[in-house]
Protein chains: 4
Amino acid sequence: MIVVMEPGATQEQIETVVKRVAEFGFGTKIVVGAERSIVGVLGAPLPDTLKEALELLPGVEEVVRITKRYKLVSRDFHPIDTVVHVRDVAIGGNEVAVIAGPCSVESEEQIIETARAVKAAGARLLRGGAYKPRTSPYEFRGLGETGLKYLAKAREETGLPIVTEVLSPQDVDLVAEYADVLQVGARNCQNYLLLEAVGKAKKPVLLKRGMSVQIEEWLLAAEYVMAQGNEQVILCERGIRTFETFTRNTLDLAAVPVVKRLSHLPIIVDPSHGTGRWYLVPSMMLAAVAAGADGLIVEVHPNPDHALSDGAQSLTFENFATVMPRLAAVAQAVGRSLPLPQVPEAETALSPAD
Amino acid sequence: MIVVMEPGATQEQIETVVKRVAEFGFGTKIVVGAERSIVGVLGAPLPDTLKEALELLPGVEEVVRITKRYKLVSRDFHPIDTVVHVRDVAIGGNEVAVIAGPCSVESEEQIIETARAVKAAGARLLRGGAYKPRTSPYEFRGLGETGLKYLAKAREETGLPIVTEVLSPQDVDLVAEYADVLQVGARNCQNYLLLEAVGKAKKPVLLKRGMSVQIEEWLLAAEYVMAQGNEQVILCERGIRTFETFTRNTLDLAAVPVVKRLSHLPIIVDPSHGTGRWYLVPSMMLAAVAAGADGLIVEVHPNPDHALSDGAQSLTFENFATVMPRLAAVAQAVGRSLPLPQVPEAETALSPAD
Amino acid sequence: MIVVMEPGATQEQIETVVKRVAEFGFGTKIVVGAERSIVGVLGAPLPDTLKEALELLPGVEEVVRITKRYKLVSRDFHPIDTVVHVRDVAIGGNEVAVIAGPCSVESEEQIIETARAVKAAGARLLRGGAYKPRTSPYEFRGLGETGLKYLAKAREETGLPIVTEVLSPQDVDLVAEYADVLQVGARNCQNYLLLEAVGKAKKPVLLKRGMSVQIEEWLLAAEYVMAQGNEQVILCERGIRTFETFTRNTLDLAAVPVVKRLSHLPIIVDPSHGTGRWYLVPSMMLAAVAAGADGLIVEVHPNPDHALSDGAQSLTFENFATVMPRLAAVAQAVGRSLPLPQVPEAETALSPAD
Amino acid sequence: MIVVMEPGATQEQIETVVKRVAEFGFGTKIVVGAERSIVGVLGAPLPDTLKEALELLPGVEEVVRITKRYKLVSRDFHPIDTVVHVRDVAIGGNEVAVIAGPCSVESEEQIIETARAVKAAGARLLRGGAYKPRTSPYEFRGLGETGLKYLAKAREETGLPIVTEVLSPQDVDLVAEYADVLQVGARNCQNYLLLEAVGKAKKPVLLKRGMSVQIEEWLLAAEYVMAQGNEQVILCERGIRTFETFTRNTLDLAAVPVVKRLSHLPIIVDPSHGTGRWYLVPSMMLAAVAAGADGLIVEVHPNPDHALSDGAQSLTFENFATVMPRLAAVAQAVGRSLPLPQVPEAETALSPAD
């Protein structure tokens, strides 16, 4: 932490800074500059409280933090990539893992049919919401535990592990009974009690970035989970809120290489919420993998125009099946693999762009 | 809801739209335009699901919602201003109510001393956090129930009603035992389970706007509370997240007259979080009241440079006492009242600007 | 400027930094910290190029600028408030100056009629566009020099000085022949050639903040004007672009006290573009003055629903005349004055809030 | 255009709307709904002025535009992709075109050396700034015409066509003498006089998206160019301004498929300004091509840590040469081609991800 003094700061003001830092138990080093002096604070980790305390002292112009606020998620202390294992699927290794399924579980038939279709096209995990956060209180909010049971049935039928959202600390145990991966949604990215609750669970956690959450804050949210002893965290970029209204969110694909640089955790991308329009999803699937994403989570529905939620951003089975071979080709082009059940890759590599 | 067809949409495509709407149980009316036709959907309220379903039909270019998604919070159905009563204080009437106190309750002495000071300066309610959401897991997170007890003691001593934050549905009962107003923080503005839990409580709710929440979504969050039968909702603008980094957030004061127009609920402003810098707080207090706010919530600390949280944006007792007479003068200038314990208003109206 | 080295940076890497700084002609001071070392760069002003050069050196984690990038606009070197004189009106002194008029000059009658009406209500300057930047090429773009002539006529009739926009360096001379204040619009806030052209003119400049321009960048834009020798710069906050769509822009009123702190230049507020809706304008006028603005620029039109541009955000004569006495009362409450032609202030101070 | 009436709108108010539309020369059709009526306005194109006029009429709640505001850039009227030809390079066809070079032309040697290096690695056009817009007036602003001459020399040496920025209408002729493509920078995206000036030139125009410009507004900016008769417009996504501060801008790659859907114009991506950090550039190059971009514009410098501008986001020759074969592999994977001078593609397709 560096304390930048105002141009005319007095010797006494500098000493007050030094004393205040000492009260927190840290050392200092003073640099007298041409125009202004600075006081370097030695020690780590330095609390936010110290920063705020120093900012208020007379003669202080600014306090600049130079050490990171997170440790467990940082690549500095854990240089090797973390690979999260979900049953037989590894997320964060060479293979690109695709999670697909409907926004909401609507019926047993719907989820089983979808599970079969996405598996046939190359998905390795099944998504489906049983508890849905909705902006309006007058919309469908999921089937609850019944939905979880249908998901379990779909897993039984297809072998696909299940990713599903948990909304509240008191639901974690119940959801963890059925789910293979506990999803924390964008709206709960900074719901710290929920983060700690999933941190105590023994299941992998898929942590979506909040709509207005900076990358550093997102990593701090992951730190909450890891601080409870759960190291199986998968980050998921799903778009941030900006002034652009054509798309539902602005998918921040640069977050992929940024996270890769700052952290050892795997990162996947959600192009469905990231764009809000189904016809933009395939391009963003390809782009995300090209950017280095370890996987994708994509909304697929047997009949999007009859979906109970997020129909506008859901792919049909056919759309999904069409894009997967192209996705595999892109994965290969960037040195990753995405094994498909059957379709010969040679053909697809030559197919025209959409 | 209006379904805008593409320029070359066929008669058959229009009929598919009409049929799909009928499946949802609503009527339609077709307008054939020069360039494109539109289908008006008759009925209210129309679910989001219908909108998404129609957007996916062939030949449909866009679906535009023209009815509001909220009802209980809307001024359309409740033209008279709601006044929320907290013990002897009315929020939403002619009087401007100021809530003041520290970010966190740190000790019994601290909260009682602050309560006395802010009361003497004209505050009508006391704020103080016992449960603090923090971006980093390594910061002070509040005293919990002990903090609530200190708050109650401060109320006993001063008579000031208490506003304090609740973070999770399972804490609502406990917090409601002590608090006069249940605060839902910005990070929980779209935590729907928490909204419903405070909606079931019999206490007024102070609902902060989320950092990236549009006004319509904020009103829908209030709708969640009201839909559970709790009509005592106070909205609180506290700044939104933008590209400007000098201030912690961008205080959106236009939200005050916007909310006044759309809703009957009272709205207050938090200039402390709205700016993040104590020296900007007084100007924004004055501006908020001039804009028509029904009250303010302001961070005040006996010793900001020793605060355990938010020191940088906290006023000292002296700063707070200095601005209050000027605030009363502004209130009067816009036809509101803000009675102060003693200071004669005639003088303050002539005091120089800061 | 402070160069933060990576945790494991070598002595050699630190020396490379020192050498590179020396090539630019500046000195350094090294602080060895617990976890990482820092190199302080001594000297001012330090160019961006140096910052970028250092960021690329091996072992460097981050380079933090601690001196301001602007000088002439800074309060550090010019502690006294600048007052800009436009004929008999002073902007930046104790009096709050209101500039009013239509978005576009549409006819001689329209501008003269408006000038009379706004003068009678208390405006001290007249605004009106002769050259209009429009998002679509198919809209009305102003009367050009004819519009300037009508403005001059309106000034003759009423004595109100004229504020009008200039769009291009080659138009500066022509516009300056007629105008008393040269307005640089939000879209041109970073059009550096235009800034230099108005910097060479001998007329005051009203510099609007760009839609996505940070306060520091806005001050740097003002620095461009001042660097050409023109010290008569008035800053104008007019709303920034955010995710909120109900209002046309988000009016950032905290920019007023921020600018007052960082700079000696006067700052005014444009609540018309800041909100985009006429019924929000009066509240934001009051709030801006309460926040400490030195003036306002407001769109007023004899017949907003027949305006050729910006009708939706224009006040009628009556709306404008109604708000002015209330504005004067707010000005007085914050220790400023806003002398009105006739209306007795005592009455208006008691009128109810809108 | 659809006029949505308020719930209690009277017959008379509806008739006023109809009359006002008729004054503009357009027809109407009324739909009486359950809760509110709507008036459809028939005709195209409908001016913004009409929209604003109607919004102000009593009983009107909202006016919704349903026709696009641009025509010439729209795919509706021009379904076939436009291919822009720059000497022997086609932009917008099957081949992905890479434009590379330094931010600023600094010397004859620098630009020629860079031209040779980027050509050898597979670039098809050379970029380099002779006129640089800079946030601070105290930075290097380009060599002016001398820079243009050096660019021309580099073209002579290598055959690479030149892309360079023009800042002002009066410079268009001079720049067009040397340049093959006239670049309009992000800060000038809504500088309408400049757009018209390049619209009159007989050279292709590369139009960057402004930092806070919505896609629709960007297309309207292109419409300004096309409305002057110049159909050779290349759009360039270069990142938008958001709350995320780790990257210089947020690269909005979804804009690529959005533009492809709405317009026939080619679109390329600038990952250098889009991220601001050289180590993020390669990933974003790959992602952009996977998303369907027709080309890239990338900053490459012989010695980034000695660059006079934008060093932090410039690739070295080696970085650039390393990523190109991988880019070609991604292009092939999505059905596009990117012919490289020599490197065998088979090898690169198997190289590991960075």
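## Basis of the values

The model is predicted: local features need pLDDT of at least 70, side-chain atom pairs count only at pLDDT 80 or more, and totals for chains, interfaces and linings use all residues. Residues are numbered from 1 along each chain as its sequence is written, chains are lettered from A and ligands numbered from 1 in the order in which they are written, and side-chain values use heavy atoms, with hydrogens and water left out.

## Interface of chains A and B

Chain B and chain A each put 51 residues into the contact, where contact means heavy atoms within 4.5 Å. About 4,400 Å² is buried between the two chains, and carbon and sulfur atoms give 49% of that area. Buried area here is the accessible area (1.4 Å probe) that two parts lose on being put together, summed over both. On the side of chain B, the residues that lose the most area to chain A are B:Leu56, B:Thr135 and B:Arg241, together 14% of what that side buries.

Between chain B and chain A there are 30 residue pairs in polar contact, both residues being at pLDDT 80 or more. A polar contact is a pair of N or O atoms within 3.5 Å; within protein, one must be able to donate a hydrogen and the other to accept it, and residues adjacent in sequence count only if both atoms are side-chain atoms. Helices α1 (11–23), α2 (48–55), α6 (192–200) and α7 (215–227) of chain B each supply at least two residues of the side that touches chain A. Helices (H or I, at least four residues) and strands (E, at least two) are DSSP runs, numbered from the N terminus. With five residues, α2(B) gives the most to this side of chain B.

By class, the side of chain B that touches chain A holds 21 nonpolar, 13 polar and 17 charged residues. Ala, Val, Leu, Ile, Met, Phe, Trp, Tyr, Cys and Pro count as nonpolar, Asp, Glu, Lys and Arg as charged, and the others, Gly among them, as polar. Four salt bridges cross the interface of chain B and chain A. A salt bridge is a side-chain nitrogen of Lys or Arg within 4 Å of a carboxyl oxygen of Asp or Glu. B:Glu217 and A:Arg241 meet through their side chains in a salt bridge (2.7 Å, N to O).

## Asp48 in chains A and C

A:Asp48 lies in helix α2 (residues 48–55) of chain A and is buried, with a relative accessible area of 12%. Buried means under 20% relative accessible area, exposed over 50%, partly exposed in between (1.4 Å probe, protein chains only). The side chain of A:Asp48 makes a polar contact with that of A:Arg65 (2.7 Å). Beyond its neighbours within four places in sequence, A:Asp48 is in contact with A:Arg65, A:Arg69, B:Arg134 and B:Glu139. A network of salt bridges links A:Asp48, A:Arg65, A:Arg69 and A:Glu216.

In chain C, the side chains of C:Asp48 and C:Arg69 form a salt bridge (2.7 Å, N to O). C:Asp48 is in helix α2 (residues 48–55), and C:Arg69 is 21 residues away in the loop between β4 (60–64) and β5 (84–86). C:Asp48 is buried at 14% relative accessible area, and C:Arg69 is buried at 19%.

## Other salt bridges

The whole structure has 96 salt bridges over all chains. One of them joins A:Arg127 and A:Glu299 (3.7 Å, N to O). This pair links strand β8 (residues 125–127) to strand β14 (residues 295–299) of chain A, 172 residues apart. Both A:Arg127 and A:Glu299 are buried.

D:Arg155 forms a salt bridge with D:Asp180, with the closest N and O atoms 2.7 Å apart. D:Arg155 is in helix α4 (residues 145–158), and D:Asp180 is in the loop between α5 (172–178) and β10 (181–184) of chain D. Both D:Arg155 and D:Asp180 are buried.

## Cysteines

The search finds zero disulfides over all chains, a disulfide being a pair of cysteine sulfur atoms within 2.5 Å. The sulfur of A:Cys236 is 11 Å from the closest cysteine sulfur, in A:Cys189, too far for a bond. A:Cys236 is buried, at 0% relative accessibility.

In helix α10 (residues 281–291) of chain C, 11 of its 11 residues are buried. Just after α10(C), C:Gly292 has a positive phi of about 110 degrees.

D:Arg87, in the loop between β5 (84–86) and β6 (89–91) of chain D, has a positive phi near 50 degrees and is not a glycine. D:Arg87 is exposed, at 56% relative accessibility. D:Asp310 also is not a glycine and has a positive phi of about 60 degrees, but D:Asp310 is buried, at 8% relative accessibility.
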